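Good morning, and thank you for making time for this presentation.

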Amino acid sequence: VAVYGEGEETMWEIVKNKKFNQIKGIVYQVGKKIIKNIPRDLIKDLDTLPYPDWETLDYKKYVMGGPFNMRKPVFPLISSRGCPGHCLYCSVNAVWQHRWRGRSAMNVVNEMEYLMKNFGAKEFAFQDDSVSVDKNRLEEICDEIIKRKLK
């Protein structure tokens, strides 16, 4: 079985042993036949997704700390998904459908503060495809970091 599109809800249904023919967003094989189910709708509100469960991971394997980072450990963080652009060479839109969706500024900074307090995060590597699509939201994130005196 392979998941296409956003995987959170799809993977949860697979783990819960839901029948493959009832799961949106998968491709699977029965005998020699390949079956592609209908796609799953994109998650409308990214704030409804939980933060990654760093407590159950050996997180030191996943945090970053390359030569271009100033302060370590550096945690990856995704504040938005997708891109509204239509660049022919880009694969981002194969998953996100030429749509950009961002988490709220408060939700992003809450995750940053959580990672700093619980795991000693000192820097964040934004993994977004297009973090600055909504400049007002990005400014809100920065303002909230300053307001909380996160450093």
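Which residues does F124 touch, not counting residues up to four places away in sequence? The contacts of F124 are with V74, F75, L77, M112, L115 and M116, where contact means heavy atoms within 4.5 Å.

A word on the source. This is a predicted model, in which local features need pLDDT of at least 70 and side-chain atom pairs count only at pLDDT 80 or more, while totals for chains, interfaces and linings use all residues. Residues are numbered from 1 along each chain as its sequence is written, and side-chain values use heavy atoms, with hydrogens and water left out.

Let me turn to the overall arrangement. The chain contains four helices and seven strands, taken as DSSP runs (H or I, at least four residues, for helices; E, at least two, for strands) numbered from the N terminus. Along the sequence, their order is β-α-β-β-β-β-α-β-α-β-α. Along the principal axes, the C-alpha atoms fill a box of roughly 55 × 35 × 30 Å. Among contacts with a separation of 6 or more, 58% join residues 24 or more positions apart. Of the 151 residues, 32% are buried, that is, under 20% relative accessible area with a 1.4 Å probe, protein chains only.

In soluble globular proteins, nonpolar side chains tend to be buried together. Here the largest nonpolar core has 15 residues, and F75, M112, L115, A121 and F124 touch the most other members. Strand β4 (74-77) and helix α3 (105-119) each supply at least two residues of this core, and α3 gives the most, with seven. Such a core is a set of buried Ala, Val, Leu, Ile, Met, Phe, Trp, Tyr and Cys residues joined through side-chain atoms within 4.5 Å.

A polar atom of the N93 side chain lies 3.0 Å from the backbone oxygen of G85. Leaving out residues up to four places away in sequence, N93 touches C83, G85, H98 and R99.

The other is E13, in helix α1 (residues 8-15). With a relative accessible area of 17%, E13 is buried as well. Again not counting residues up to four places away in sequence, E13 touches K18, Q22, I23, K24 and R40.

Notes. Buried < 20%, exposed > 50% of the residue type's maximum accessible area, 1.4 Å probe, protein only. Polar contact = N/O pair within 3.5 Å; in protein donor to acceptor, adjacent residues only side chain to side chain.
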